[in-house]
Amino acid sequence: RQKGGAAIVMGSLSPKTRNAQVELYHNGNKKFETTSTGAIITGRLIIDGLDLGDSETIRLGDSQDLQLFHNGSHSYISDLGTGDLRITGSAVHIQNAAQSENMIKCFEGDRVELYHNNSKKFETSSAGGTLTGDLTVTGNVYVGNHLTIQDSDGSSDMLKIGTDEDLRIYHYNNNTYIRQHTDKPLIIGGTSTGQSLYLSPP
C-alpha cells in the first residue's frame, strides 16, 4: 500500500502477525496502536462520553500524580504527587448531589460563604467575618481586637457562659447587664486573698 492509503488483509494471518500490534494511520502518521496492555493514542481524542467501572482510574501527569476514581462506595479526587491540589475559578461552589443546595461558595477577591442545610451561617469580609446563629466552643476563644455582640432583646444576642448558660452578659434597653441566670451564686473576686476590686464610672 502507498503512504497515506489503506490496506485490507483477507484470509488467515501467520502466528507472528496475529500476535503483533495493530496500527491505525492518518495521512501517513500513526494515531492508534494496540499493545499487550491496551492501546496507545497519539493526538487528541474527542468522545461523547467516558464510562468507567468501579475502581477503574483516570490517571493524569507523567507520574500519574492526579487520579480520579470511584471504588464502589466513594468517589475520589486523589493528588499523589508533588505540589498542591488546586481548584481554580472566579466563583467556586460546592453543592449537594442534586445541585439544589449550597455547601460552600467562594468568590474571587471577595467573600467565602459556609452553609448548613442550604442556610448561610458564616461569611468572610474585609473586616473579618459574620456568623449567623449560635456558636458553640469547647475550647478557648482568643480575640485579638474586639468582640461585638448586637443589642439584646433580653433573651438572645448575649454572651452566655457555662454548661447551663448560667452567666449572661448583654446590653438591653440602654442598660448593660451581668447576670447569674440560675440560683447559683455570682462571685466576683481575684485569684487569691488580699487582692483589691475596683469599680469606677466610665
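Q: Which residue in E14 is the bridge partner of Ile169?
A: Strands of a sheet pair through backbone hydrogen bonds, either parallel or antiparallel. In this predicted model, where local features need pLDDT of at least 70, side-chain atom pairs count only at pLDDT 80 or more, and totals for chains, interfaces and linings use all residues, the partner of Ile169 is Ile178 in E14. Residues are numbered from 1 along each chain as its sequence is written, and side-chain values use heavy atoms, leaving out hydrogens and water.

Q: How many bridges join strand E13 to strand E14?
A: Strands (E, at least two residues) are DSSP runs numbered from the N terminus, and two of them pair if DSSP finds at least two bridges between them. Strand E13 (residues 167-172) and strand E14 (residues 175-180) run antiparallel and are joined by six bridges. Two residues lie between E13 and E14 in this hairpin, and Asn173 in the turn has a positive phi of about 55°.

Q: In what order do the five strands of the open sheet stand?
A: The order is E7-E8-E9-E10-E11, with antiparallel pairing. Strand E7 (91-95) and strand E11 (128-131) are at the edges, each with a single partner strand, so one side of each has no neighbour in the sheet. Within the sheet, four bridges join E9 (residues 112-116) to E10 (residues 119-125), and Leu114 stands opposite Phe122 in E10.

Q: Is Glu113 buried or exposed?
A: Buried means under 20% relative accessible area, exposed over 50%, and partly exposed in between (1.4 Å probe, protein chains only). Glu113, found in strand E9, is buried, with a value of 3%.

Q: Which side chain does the side chain of Glu33 meet in a polar contact?
A: A polar contact is a pair of N or O atoms within 3.5 Å; within protein, one must be able to donate a hydrogen and the other to accept it, and residues adjacent in sequence count only if both atoms are side-chain atoms. The side chain of Glu33 makes such a contact with the side chain of Lys30 (2.6 Å). Glu33 lies in strand E2 (residues 29-34) and is buried, with a relative accessible area of 18%. For Glu113, a polar contact of 2.4 Å joins its side chain to that of Tyr115.

Q: Which residues is Glu33 in contact with, leaving aside its neighbours within four places in sequence?
A: Contact means heavy atoms within 4.5 Å. On that basis, leaving aside those neighbours, Glu33 is in contact with Gln21, Val22, Glu23, Ala39 and Ile40.
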